[in-house]
Amino acid sequence: MSQFEQTRRIFMATTAAAAAAGTTAFAAAPARTAPKYTRYNLNSPKGQEMLKSYAKGVAAMLALPADHPQNWFRNAFVHLMDCPHGNWWFYVWHRGFIGYFEETIRNLSGNPEFALPYWDWTETPKIPAGLFDGPLTPTDAAFAPTTGNLNIFTSKMKPAMKAYWDKLSSAQRSQLIKRGYKTFDLMWNDVTGYSPSADAGISGNMAYAITCGSRYLSPDNPNFDAKTLDAVSPRKIAAGLSPLDYYNEDNTKSFTSSKTPSHNTAPSGATKFSVLEGFPHNKVHNCIGGVGAVDPGPYGSMTNFLSPVDPIFFMHHANMDRLWDVWTRKQEKLGLPILPTGPDLRTLSEEPFLFFVNGQGEYVGYSKAGAYLSTAAFDYGYEPARDDGLLLTARPKLKGRKAAAPYAVMAQPDGPGATAAIPRGVIDDHLADRLPAPLIAQVTIARPGGYSTTREFDVLINAPPGVTHVEADSPYYAGTVSFVGPIMAMHGDHGDHGGMEMSADTTFAVPLPQRPQAFNLLGATAPVAVNIRVIPAHDRDAAAPILKAVSVHSY
């Protein structure tokens, strides 16, 4: 049975179950041996052809009035009001969001064959040239009538959004309250970055971005910086695809991030980012938005939750969705589950999504996550990427292997980090790529609070105490962990601020480097002391985050 046919059957079973429960289900895709639509690599001839239709569709959405459900900026507000990050609904919610968007572009562009091209940033670690042309860049004059300045944006969008807000159902309002948006004004504060308690705007938390500042990278400066290059490297991607579970409480073994009570609420403990969401997803957003280069903000559109204002958002998320599809095919090859099992599958599938707009400009209304667990939901597949074969076979030895207990950590409260004692032989196997999966550190830090806008931190391995800044080529550099979305007061102080709720503590799964210099092996015998430290990535004067916990995991 082909992967598409298998996922089509899962989709049909899920929608049938929804129908049996008396809920709205989507019509199952017709039986076929191949999907109707193909999402092509952006750099391929077909991808470039699709990009022309994409530009037509974006222009059409920009021309719609602000109160139209398919207006370009109204579409971005769906993401601000409802998107999950840092939890296990991240992939499935975004599949629904970009799937309906794809339908919209197909209809408004006049191209019945349109499918979103994907941007493989591992192959092309820069903004592709076509995305600096016309309405495919948010710095184009076509955006200025709405995003020329904040007063213009407010006059255009605030009345339309308020009218929409006033018509929301009780179920929608309930979800928004869980998110922290008890009132319309709290939601609008995330647009402007305004803090009522400080009676001031915090520039780094503005979801709105002025037209000329909506994107940091430009035709003259299109390339990723070195730390973003590391985040999208084949080594990081392979590590992100290595988990054998759709969800595992240990995020070093989990394809997805935290399991939460709903897609709009925080977990009971720390928010736990999986490798793929924590590294390529978050870091690419921030790189395009200018984090680091323009600290402390204001940043470009991609850094906060109006990120779909930048047309590149959908190319970026098509690639994240493609990696989910690659992981699914890897699981099938190993004969392993592609979704949670038992009660977890029902919990995942039953979550209601209430804010989507379909390709005809109609509100979808009540739908469930289960309707989007398969690519058959929108009848598409992916043109294979250059490295798909490598990624599918990179860690075949994982099947049947058990995870070792996390290596002991000696915490140093208020000190320079935490130290794990790891057997020399395990380090040698890690460096020689003999382990079935790389060593991964689980690093928990206190999420920035107050009015700090620091949102990127470097993870260091065995760095001398005096090292307070590193470049990506440093032997001590393991990677940069990144937050997207507004930072201030996101820890339950909803009287001041709303936004996508995350825990005060955040855990990142960090693949350790495979450089002997990082482990100070000269003369070392078993065990090897591995010190892990976290420092601000850009602002050398900013305080280092509180390191709450560290452990190192392997198979």
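## A buried aromatic pair

F184 and W188 are both buried in this predicted model. The two residues belong to helix α8, which spans residues 184-192. Their positions are 4 residues apart, about one turn of that helix.

Aromatic rings are counted as a pair when their centres lie within 6.5 Å. By this rule, the structure holds 41 aromatic pairs. The ring centres of F184 and W188 are 5.9 Å apart and the ring planes meet at 20°, so this pair is classed as stacked, given that stacking requires planes under 30 degrees apart.

## Charges over rings

Two contacts of a charged side chain with an aromatic ring may be described here. The charged end of R95 is placed over the ring of W324, at 3.7 Å from the ring centre. K236 lies over the face of F279, 4.9 Å from the centre of that ring.

## A mixed four-stranded sheet

An open sheet is formed by 4 strands in the order β4-β13-β10-β15, with mixed pairing. The edge positions are taken by β4 (271-273) and β15 (547-553); each has a single partner strand, so one side of each has no neighbour in the sheet. From one strand to the next, the twist averages 15°.

Strands β10 (residues 440-446) and β13 (residues 505-511) run antiparallel and are joined by 7 bridges. Within this pairing, Q442 has A509 of β13 as its bridge partner.

## The helix on the sheet

Helix α11, residues 275-289, packs on the sheet and touches β4, β10 and β13. The direction of α11 makes about 85° with that of β13.

Methods: Residues are numbered from 1 along each chain as its sequence is written. This is a predicted model: local features need pLDDT of at least 70, side-chain atom pairs count only at pLDDT 80 or more; totals for chains, interfaces and linings use all residues. Side-chain values use heavy atoms; hydrogens and water are left out. Rings of Phe, Tyr and Trp (its six-membered ring) pair if their centres lie within 6.5 Å; planes under 30 degrees apart count as stacked, over 60 as edge-to-face and the rest as tilted. Buried means under 20% relative accessible area, exposed over 50%, partly exposed in between (1.4 Å probe, protein chains only). A charge sits over a ring if NZ of Lys or CZ of Arg is within 6 Å of the ring centre and within 35 degrees of the ring normal. Two strands pair if DSSP finds at least two bridges between them. Axes are lines fitted to C-alpha atoms, for helices over the stretch in contact, and angles run from 0 to 180 degrees between N-to-C directions. Contact means heavy atoms within 4.5 Å.
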